[in-house]
Amino acid sequence: MIDYTSFNDKTAAYYTLGCKLNFAETSFIGKLLESQGIRRARSGEKADICVVNTCSVTELADKKCRQTIRRIVRQHPSAFVVVTGCYAQLKPEDVADIPEVDLVLGTEQKTDILHYLGNLHKRSHGEIVVTESNDIKTFSPSCSKGDRTRYFLKVQDGCDYFCTYCTIPFARGRSRNGSVASLVQQAEEVAREGGKEIVLTGVNIGDFGHTTGETFFDLVRALDRVDGIERYRISSIEPNLLTDEIIDYVKSSARFAPHFHIPLQSGSDAVLKLMHRRYDTRLFARKIEKIKQVLPDAFIGVDLIVGTRGETNEYFEESCRFVEGLDISQLHVFTYSERPNTRILQVEHMVSPKEKHDRCLRMLEISDRKLKNFYGQQRGTVRPVLFEHPKKGMPMHGFTDNYIRVELPYDSRLVNQNCRVLLGDFNESGEALRADRILV
């Protein structure tokens, strides 16, 4: 039996690395601890508990996790340190060996943290509580806001795809999800709190439904009926799971934004085959054409990995030509990082670090051109903009429904307001459009 009274008047600090899904889960952990009297530590205050939610998507991410943990230990020298997340799941012994780490929780235990805190006494060595990836079965609901206007609603977790370069299925377990009814309830709670925009997030959200026998399209239609939410965004969705039915529905919906984020990973069919991706460039191109046919002003972001094993110069040039020909808005370019125990390590051809860097720069140049072209096409149009809380000393900004960043001088009355805005020219940095006029 846990004596929760020992948590009264304790403080906690939270640190999140990686994806929006991690941020949503950290927010949920914070609410759990707050429900037992553990207050969030103020800026500069020494915390009694530190929770670090880690990422392990690349070798650099692992390194950042270790650096962050050591920095936190220095900043909070007496704190009870809990490390969870993907890095903790994949390399628990490495984490437990870091001095002053007290508890290492795996993916299955992450949102059950209260049961493992004990009396918060420091331990001589990190205790490991981790479940094997095949036994990760729990779906833990999470919804975060933080200091943003947008909320991030976790609708799905885990992945069954096992792409050859990826460790996510080992870190997150198999695909699972909450029910449509439970997620609608969370969206209704966001509306009651005054939230106006929700981003649907997960590991492979298009695969929604394994747990409950429902579909992602079922979820989209149900959420669209929630009063008070003015805008939904669909986060990264696999091209083979982005159905024409969903695209057509976004066109007719008043709430789902014309904004798609679709992983391509390579524009070479040979590399896609090495990766064990479940589509080819022909299918991907058809999805882009469908979106632009139905929603010509839609923002389309595309994930791309450069320098993976097996990506020869010829294959990279194929990828460049394919990407150049796509009517997309932006590339999110990642440099391939070797991950232990992944099957792509069996491929002999390796790309040198310099060549990886050069390929990354080349793809980023393509991305910059496409983004500026997309922004330029929107000048002089009127779009709805949801304005956010500005950072101190920064101009006020918000995003259009089709994900254009818009800036204007600060006006407190506009925070969390969805306004029709006449879009002007680029700002000085060229990274946003100015709001020429707010329309009634």
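This is a short tour of two spots in a predicted model, starting at Lys 290 and ending at Arg 437.

Before you click: numbering runs from 1 along each chain as its sequence is written. Because the model is predicted, local features need pLDDT of at least 70 and side-chain atom pairs pLDDT 80 or more, while totals for chains, interfaces and linings use all residues; side-chain values use heavy atoms, leaving out hydrogens and water.

**Stop one: Lys 290.** Select Lys 290 in helix α10, residues 281–294 (helices are DSSP runs of H or I, at least four residues, and strands are runs of E, at least two, numbered from the N terminus). Lys 290 is buried at 15% relative accessible area (buried is under 20%, exposed over 50%, partly exposed in between, with a 1.4 Å probe and protein chains only). Now show Asp 248: its side chain makes a 3.0 Å polar contact with that of Lys 290 (N or O atoms within 3.5 Å; within protein, one able to donate a hydrogen and the other to accept it, and residues adjacent in sequence counting only if both atoms are side-chain atoms). Beyond four places in sequence, Lys 290 also contacts Asp 244 and Ile 247 (heavy atoms within 4.5 Å).

**Stop two: α8 against α10.** Select residues 244–252 for α8, where Asp 244, Ile 247, Asp 248 and Lys 251 meet α10 residues including Arg 286 and Ile 291.

**Stop three: Arg 437.** Jump to strand β20, residues 433–439, and pick Arg 437. Arg 437 is partly exposed, at 47% relative accessibility. Finally, draw a C-alpha to C-alpha distance from Arg 437 to Gly 424: 8.2 Å, across 13 residues of sequence.

Methods: Axes fitted to C-alpha atoms, helices over the stretch in contact; angles between N-to-C directions.
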